[in-house]
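Subject: Handing over the model

Hi,

Here is the structure I promised to pass on.

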Amino acid sequence: MYFQTEQIKLRPFELDDAPDLRAYLNHPKLGGRRYIPRGFPDEVPLSLTQVEAMIKKWGEEEREAHLAIELTDKQELIGHTEFEWDWDPQAPWVSVVIARPHQRRGYGTQVMQLILEYLFENTPAHNVSSWMADWNQAARSFAKKLGFQERGRSRREGFRQGAYFDGILVDILRPEHQAKGGLSYGAGR
């Protein structure tokens, strides 16, 4: 099985990815949007040792997939994605993070489409969810473009830049995804 388009491919992380992963995770504009494991600080710079530990942790998860996003032509790491099904394989959670220099080029859309295609065509998933902070307008627009709908709000979920923020829950159902025409990228084929 593979996840690939003409521009990007998704693959497991290797320890050799740690320096590149650390470089983009430590970009100041990515703070609060890194989607890294609990226990690692989400707003402060990460050391190489912390990033290596994160990659090892991702590799040990049984009910999660953490994949590197790589440009196919340059073999350059430009982000990461995850999907996890915690207690219910019918309702997985997804996230995608693209390094700042590569944002707004369609890579995140390709990644999410590959993941949605895989989950809806190869697993029992009937609902795919994601979470974002209410201040993250780019993520909210991205989710809406892909067909996700806002389904809930966790008030005062966090504190950022001197103010509380709400957590926003979005999801997309299998029939909604199919109504959008599914995908044409061929994940897993």
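Below is what turned up, starting with the salt bridges and ending with a couple of backbone angles.

Two bits of background before that. This is a predicted model, so keep in mind that local features need pLDDT of at least 70 and side-chain atom pairs count only at pLDDT 80 or more, while totals for chains, interfaces and linings use all residues. Residues are numbered from 1 along each chain as its sequence is written, and side-chain values use heavy atoms, with hydrogens and water left out.

**Salt bridges**

Side chains of opposite charge can pair when their charged atoms come close. The structure holds 10 salt bridges (a side-chain nitrogen of Lys or Arg within 4 Å of a carboxyl oxygen of Asp or Glu). One of them pairs R140 with E150, with 3.5 Å between the closest N and O atoms. R140 sits in helix α4 (residues 137–145) and E150 in strand β7 (residues 149–160), so this pair ties together parts that are 10 residues apart in sequence. Helices (H or I, at least four residues) and strands (E, at least two) are DSSP runs, numbered from the N terminus.

E150 also forms a salt bridge with R153, where the closest N and O atoms are 3.7 Å apart. As for accessibility, R140 is partly exposed at 25%, and E150 is partly exposed too, at 41%. Here buried means under 20% relative accessible area, exposed over 50%, and partly exposed in between (1.4 Å probe, protein chains only).

Then there is R151 with E176, whose closest N and O atoms are 4.0 Å apart. R151 is in strand β7 and E176 in helix α5 (residues 174–179), so the pair ties together parts that are 25 residues apart in sequence. Salt bridges that share partners also join D134, R140, E150, R153 and D166 into one network.

**A positive patch**

On the surface, K29, R100, R104 and K145 gather in a patch of positive charge. Patches are made of residues with over 30% relative accessible area and no salt bridge; like charges are joined within 9 Å, and nonpolar side chains (Val, Leu, Ile, Met, Phe, Trp, Tyr) within 5 Å. R104 lies in the loop between β5 (93–98) and α3 (107–122), and its relative accessibility of 77% makes it exposed.

**Strands and the inside**

Where does the protein keep β5? Five of the six residues of β5 are buried, so the strand is largely enclosed by the rest of the structure. Strand β4 (residues 76–84) runs antiparallel to β5, joined to it by six bridges (two strands pair if DSSP finds at least two bridges between them). If you want a spot to look at, F83 has V94 as its bridge partner in β5.

I69, in strand β3 (residues 64–71), is buried, with a relative accessible area of 0%. The C-alpha atoms of I69 and Y107 are 8.8 Å apart, although these residues are separated by 38 residues along the chain.

**Two backbone angles**

Q75 has a phi near 50°, a positive value in a residue other than glycine. Q75 is in the loop between β3 and β4 and is exposed, at 59% relative accessibility. For R156, phi is near 50° as well, again positive in a residue other than glycine. R156 belongs to strand β7 and is exposed, with a relative accessible area of 58%.

Cheers

Technical notes:
Areas by Shrake-Rupley, 256 points an atom, 1.4 Å probe, with all protein chains shown as cover. Lys, Arg positive; Asp, Glu negative; His and termini not counted. Charge placed at Lys NZ, Arg CZ, Asp CG, Glu CD.
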